[in-house]
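Please walk through this model with the structure open beside the text.

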Amino acid sequence: MSGKSPKDKTTADTLSDLNIYDPNFSINPFSTYEELHLNNPIIYLNNSDSWLVTSADLITEICSQPHLFSNDISVLLAGLHSEKPKVRKILEQGLPQVPVLLMSDPPDHSRFRRLVGMAFSGPRINIIESEIRKISSNLLDNLKANKSWDFISEYAIPMPVNVIGGQLGLSQNDIKKIRPWSDAFTDRLSGMIDEEREEACAHAVVDFQKTMEHQITLRRNYKYNDLLGDLVSASSDGDKPLSNAEIVSVIQQIMVAGNETSTSAMAEGIKLLIENPTQMKLLRQDTSLLKNTVEEILRLASPVAGSWRIATRNITILGKNIKKGDKVMLRFAAGSRDSEMFNQPNKMDITRQNSKTHYAFGRGIHTCVGNMLARREISICLEHMINKFETIELADYDKAHAYNPNVMLRGLKVLNIETKVKN
Ligand code: HEM
């Protein structure tokens, strides 16, 4: 007990009281990140019983030591959803959920990464590019000209969902379920749902697993030229091929990690370009800036705002004593705006030389396996939007500030825009 009155509170005390689970924190966390960089790049948060790491250097250091900071966060997740008997019973009807990739440590992680990495190779992404272009064009062509519309529900959600759905061999009917399935997975991670929603989420997880198991069986019997086919046939010397339960768990992660994140990056990107008209103009004048614009958007948006690690032993960092078993939240969104690394970090500058060194895809062995696919999707989105529309404006400013409540993912709920088609 410190025995201080509220009046005596220091900056460090106030920052320790920060509640990263507060949905309002997502609206504009950036001045807080700045304060944390300057005063407490690693700080214990009383409300979430965890350490918060905000400096780029520390995030890199921690990500490079998976033996000290584990990704086996099953214990933490078990705490988030209560695993009530009713929920467990529903989940028992499906496949066991295997801790793959993001939930695993070496040496298991190394095997998953080698095998899954094959499905996300450059040649596969090049094949997928023509599909992304088709899906993006269709979505924009289906819009009524010169109207006000929600960029998120009409484009940024269906675009990546259809890309992934196509690569997993899903029918249009099942593709419609991808978003509800993904919502069920992320809701289970959010730590912010009631019992009724927990049960609905468990039903959705089982439905998803059964659908995917059927698609996997098809690919075990016939050759399919898609990402799921690559996952089923992935092999490397000395590695046991992926089992059905492992592939289903990988796909579950791909859906969580690869849909909402891409949706949020595209939406935040369009919003940033609207709010920074000189940058929008620059991009329209010189489309060779497209690649770097994608990186600057990823830097500023960092849709995976943060991710968890668990300390595997007692360790001291910058004089702070982290105990074995402590939860550590790596705030990638803060690393992407660290002023030690990025000049005027909160400013959008599509000509910035080092935009690409952002933390949006993390660091170390867990660096986003889908980063090439995500970059291609965002790039095609921007290219198609500026080619099709002469003007893009915000239509409803208030709603543009509403973010989904999620401690790990930062993404807009709605982005109403007004567009004028080019003649
Ligand atoms: C803008 C979009 C995306 C962002 C910002 C993003 C961000 C991230 C981040 C920060 C991590 C590392 C998390 C950690 O270290 O704890 C990660 C890992 C991962 N991402 Fe992405 N991601 C995006 C798109 C995608 C896509 C399109 C896919 C697949 C279709 C994907 C699949 C994965 C997987 C499977 C992992 C786990 C990798 C591992 O543990 O080895 N992501 N992503």
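**A walk through the model**

Leaving aside neighbours within four places in sequence, Ala 311 is in contact with Leu 68, Phe 69, Ile 322, Lys 323, Lys 324, Gly 325, Asp 326 and Val 328. Two residues are in contact if their C-beta atoms, placed from the backbone, lie within 7 Å. Ala 311 sits in strand β5, residues 307–311. Helices (H or I, at least four residues) and strands (E, at least two) are DSSP runs, numbered from the N terminus.

The model is predicted: local features need pLDDT of at least 70, side-chain atom pairs count only at pLDDT 80 or more, and totals for chains, interfaces and linings use all residues. Residues are numbered from 1 along each chain as its sequence is written.

Is Ala 311 buried, exposed or partly exposed? Ala 311 is partly exposed, because 19 other C-beta atoms lie within 10 Å. A residue is buried if 20 or more other C-beta atoms, placed from the backbone, lie within 10 Å of its own, exposed if 12 or fewer, and partly exposed in between.

Next comes Gln 279, in helix α14 (residues 277–285). Gln 279 has 21 C-beta neighbours inside 10 Å, so it counts as buried. Not counting residues up to four places away in sequence, Gln 279 touches Leu 273, Met 348 and Ile 350. Ile 350 is 71 residues from Gln 279 along the chain, yet their C-alpha atoms are separated by 6.7 Å.

Asp 396 lies in the loop between β9 (389–394) and β10 (416–421). Asp 396 is partly exposed, with 15 other C-beta atoms within 10 Å. Trp 149 is 247 residues away along the chain, and the two C-alpha atoms are separated by 10.0 Å.

Now to the helices. α15 (residues 290–301) packs against α17 (residues 371–388) at an angle of about 115°, with the axes 10 Å apart. Axes are lines fitted to C-alpha atoms, for helices over the stretch in contact, and angles run from 0 to 180 degrees between N-to-C directions. α15 and α17 are therefore roughly perpendicular to each other. Angles under 35 degrees count as roughly parallel, over 145 as roughly antiparallel, 65 to 115 as roughly perpendicular and the rest as oblique. From α15, the contact uses Leu 290, Lys 291, Thr 293, Val 294 and Ile 297; from α17, it uses Arg 375, Ile 378, Ser 379, Leu 382 and Glu 383. These contact residues divide into five nonpolar, two polar and three charged. Ala, Val, Leu, Ile, Met, Phe, Trp, Tyr, Cys and Pro count as nonpolar, Asp, Glu, Lys and Arg as charged, and the others, Gly among them, as polar.

α17 also meets α13 (residues 244–275): their axes come within 10 Å and cross at roughly 35°. Thr 261, Ser 262, Ala 265, Met 266, Gly 269 and Ile 270 of α13 face Ala 374, Glu 377, Ile 378, Cys 381, Leu 382 and Met 385 of α17 in this contact. By class, the contact of α13 with α17 has eight nonpolar, three polar and one charged residues.

Finally, the ligand. Which of the 24 residues around the ligand come nearest? They are Gly 258, Ser 307, Gly 362, Cys 368 and Gly 370. A residue counts as near if its C-beta atom, placed from the backbone, lies within 6 Å of the molecule. α13 and α17 are the elements that give two or more residues to this shell. α13 supplies the largest share, seven residues. The shell divides into 15 nonpolar, eight polar and one charged.
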